[in-house]
Amino acid sequence: MLLVLYQRDDCHLCDLALEVLAAARVPEFDSVFIDGDEALEACYGERIPVLRDLDRGIELDWPFDADGVRRWQLL
């Protein structure tokens, strides 16, 4: 499972999402900062943080909790 967390610099909600992912014991994910990328800003600007499963092409929008992340991973 290839996971990406789309986020911004200095984003309080993104910091909370990182804590949730740690609590859910998500093994590995990449962080992609959307700041300055017009395409990513257009797609995720209003929605961040967003967790995306690249293999399955599905996304989990904030707000999410550790249990929600675990359930989402099993979809």
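Here are some notes on the sheet, the helices packed on it and the aromatic side chains in this predicted model.

1. Four strands make an open sheet in the order 2-1-3-4, and the pairing is mixed. Strand 2 (30-33) and strand 4 (58-61) are the edges, each pairing on one side only. From one strand to the next, the twist averages 25°.

2. Have a look at the strand 3 to strand 4 pairing. Strand 3 (residues 50-53) runs antiparallel to strand 4, with four bridges between them. Leu51 stands opposite Leu60 of strand 4 here.

3. Now the helices. Helix 1 (residues 12-23) packs on the sheet and touches strand 1 and strand 3, its direction making about 155° with that of strand 1. Helix 3 (residues 66-74) also packs on the sheet, with contacts to strand 1, strand 3 and strand 4; its direction makes about 170° with that of strand 4.

4. On to the rings: there are two aromatic pairs in the structure. Tyr6 and Tyr44 are stacked, at 4.2 Å centre to centre with 15° between the planes. This pair ties together distant parts of the chain, since Tyr6 lies in strand 1 (residues 3-7) and Tyr44 in helix 2 (residues 38-44), 38 residues apart. Both tyrosines, Tyr6 and Tyr44, are buried.

5. Trp62 and Phe64 pair edge-to-face, with 4.9 Å between centres and 75° between planes. Phe64 is buried at a relative accessible area of 8%. Trp62 comes out at 21%, so it counts as partly exposed, given that buried means under 20%.

Technical notes. Residues are numbered from 1 along each chain as its sequence is written. This is a predicted model: local features need pLDDT of at least 70, side-chain atom pairs count only at pLDDT 80 or more; totals for chains, interfaces and linings use all residues. Side-chain values use heavy atoms; hydrogens and water are left out. Rings of Phe, Tyr and Trp (its six-membered ring) pair if their centres lie within 6.5 Å; planes under 30 degrees apart count as stacked, over 60 as edge-to-face and the rest as tilted. Helices (H or I, at least four residues) and strands (E, at least two) are DSSP runs, numbered from the N terminus. Buried means under 20% relative accessible area, exposed over 50%, partly exposed in between (1.4 Å probe, protein chains only). Two strands pair if DSSP finds at least two bridges between them. Axes are lines fitted to C-alpha atoms, for helices over the stretch in contact, and angles run from 0 to 180 degrees between N-to-C directions. Contact means heavy atoms within 4.5 Å.
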